[in-house]
Amino acid sequence: MAYSEEDGTVEEKENNNKKKTKSALATAWLTFYNIAMTAGWLVLAMAMMRFYIQKGTRKGLYRSIARTLKFFQTFALVEVGHCAIGIVRTSVIVTGVQVCSRIFMVWFITNSIRQIQNEESVILFLVVWTITEITRYSYYTFNLLHHLPYFIKWARYNLFIVLYPLGVAGELLTIYAALPFVRRSGMYSMRLPNKYNVSFDYYYCLIIAMLSYIPLFPQLYFHMLRQRRRVLHGEVIVEKDD
């Protein structure tokens with residue numbers, strides 16, 4: 001069958017149009033997603049402020065916002081899908097670890113152990129998460145709309161310097177506060193003998209989770225510092241080969 005240059009040009013145009021359509025749809029979805037997540041974390045921020053103004057205490061704050069927190073933090077799993085299908089150029093593993101560690105903190109620690117829900121450390125990581133996520137999602141939203149205010153850009157790449165260590169401290173102190181209750185109750189643990197012939201101790205699992213912060217935190221923190229230099233100061237970051 002004869003194949004003309006004109007036929008090839010038409011096919012290329014059709015492929016380009018399809019790519020443009022997919023790109024437009026991806027951008028539209030990401031814009032909607034980031035607007036929704038910004039709004040969700042703003043709702044959480046206002047709910048926390050309203051509770052504290054009305055009650056004047058942190059006691060009961062977590063339970064008052066727990067449903068909204070669980071919804072929006074769990075919905076962030078969508079971001080792993082974004083990376084997996086390639087509409088966001090970020091490591092699936094890094095994104096998965098960050099999102100799943102947050103979900104673990106919400107569902108399997110704070111939500112599961114009511115005795116620690118009024119701890120100061122819980123309020124600490126909640127405040128840090130809220131400020132971080134409002135900044136992060138608003139940054140992505142304005143960036144997608146090609147109208148990024150400098151103060152949003154500045155906040156995205158400066159606030160983490162203080163917020164990231166504070167958030168980690170809040171998470172670690174919360175896990176530490178949970179340890180005695182987990183040990184006494186034996187929650188989520190399996191002792192031998194059992195029909196599955198498997199032993200699992202949630203208490204030691206939490207200790208391992210705390211220890212995992214030692215190698216992970218510096219890597220993520222210094223990665224953000226490199227990104228900060230690149231975005232704010234225009235430095236070219238050269239990655240060295242191992």
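Student: Which residues other than glycine have a positive phi?

Tutor: Check the loops. Histidine 146 has a positive phi of about 60 degrees, although it is not a glycine. Histidine 146 sits in the loop between helix 5 and helix 6. Tyrosine 188 is another case, with phi near 60 degrees. Tyrosine 188 belongs to the loop between helix 7 and helix 8.

Student: Is histidine 146 buried or exposed? And what about tyrosine 188?

Tutor: Read the relative accessible area. Over 50% counts as exposed, and under 20% as buried. Histidine 146 has 69%, so it is exposed. Tyrosine 188 has 41%, so it is partly exposed.

Student: Where is there a cis peptide bond?

Tutor: Look at omega. From leucine 192 to proline 193 the peptide bond is cis, with omega near 0 degrees. Proline 193 lies in the loop between helix 7 and helix 8.

Student: How do I read the overall fold?

Tutor: Count the elements, then follow their order. This chain has 8 helices and 0 strands. From the N terminus the run is α-α-α-α-α-α-α-α. Next, ask how far apart in sequence the touching residues are. Take the contacts with a separation of 6 or more: 69% of them join residues 24 or more positions apart.

Student: How long is helix 8, and where does it kink?

Tutor: Compare the end-to-end distance with the expected span. Helix 8 has 32 residues. From first C-alpha to last it reaches 45 Å, close to the 46 Å expected at 1.5 Å a residue. Then look for bends. Helix 8 has a kink of about 40 degrees, centred on proline 215.

Student: What caps the start of helix 8?

Tutor: Look for a side chain that reaches a backbone nitrogen. Aspartate 201 caps the N-terminal end of helix 8. A side-chain oxygen of aspartate 201 lies 2.9 Å from the backbone nitrogen of tyrosine 203.

Student: Which residues of helix 8 are buried, and what do they pack against?

Tutor: Among the buried residues of helix 8 are Tyr203, Leu206, Met210, Tyr213 and Tyr221. The buried residues of helix 8 pack against helix 4, helix 6 (150-156) and helix 7.

Student: What covers the buried residues of helix 4?

Tutor: The cover includes helix 2, helix 3 (78-85), helix 5, helix 7 and helix 8. Val99, Ile103, Val106 and Ile109 are among the buried residues of helix 4.

Student: How do I find the core?

Tutor: Start with the general idea. In soluble globular proteins, nonpolar side chains tend to be buried together. Here, the largest nonpolar core has 42 residues. Trp41, Ile65, Leu69, Ile109 and Leu126 touch the most other members. Helices 1, 2, 4, 5, 7 and 8 each supply at least two residues of this core. Helix 1 gives the most, with 8 residues. Apart from this core lies another, of 8 residues, including Tyr157, Phe160, Tyr221 and Met224.

Student: What does leucine 126 touch?

Tutor: Set aside the neighbours within four places in sequence. Leucine 126 is then in contact with Met48, Leu61, Tyr62, Ile65 and Leu69.

Student: Is glycine 170 buried or exposed?

Tutor: Glycine 170, in helix 7, has a relative accessible area of 0%, so it is buried. Beyond neighbours within four places in sequence, glycine 170 is in contact with Ser121, Leu124 and Phe125. Glycine 170 and leucine 126 are 44 residues apart in sequence, but 8.4 Å apart in space, C-alpha to C-alpha.

Student: How high is the mean pLDDT of the chain?

Tutor: The mean is 90, and 89% of the residues reach 70 or more. Over residues 236-242, though, the pLDDT is below 50. Beyond near neighbours in sequence, that stretch has 4 contacts in the model. Where pLDDT is low, the predicted coordinates should not be read in detail.

Terms used:
Residues are numbered from 1 along each chain as its sequence is written. This is a predicted model: local features need pLDDT of at least 70, side-chain atom pairs count only at pLDDT 80 or more; totals for chains, interfaces and linings use all residues. Side-chain values use heavy atoms; hydrogens and water are left out. A nonpolar core is a set of buried Ala, Val, Leu, Ile, Met, Phe, Trp, Tyr and Cys residues joined through side-chain atoms within 4.5 Å. Buried means under 20% relative accessible area, exposed over 50%, partly exposed in between (1.4 Å probe, protein chains only). Helices (H or I, at least four residues) and strands (E, at least two) are DSSP runs, numbered from the N terminus. Contact means heavy atoms within 4.5 Å. The expected span of a helix is 1.5 Å times one less than its number of residues. The bend at a residue is the angle between axes fitted to the seven residues ending there and the seven starting there. A polar contact is a pair of N or O atoms within 3.5 Å; within protein, one must be able to donate a hydrogen and the other to accept it, and residues adjacent in sequence count only if both atoms are side-chain atoms. pLDDT is the predictor's confidence in each residue, from 0 to 100.
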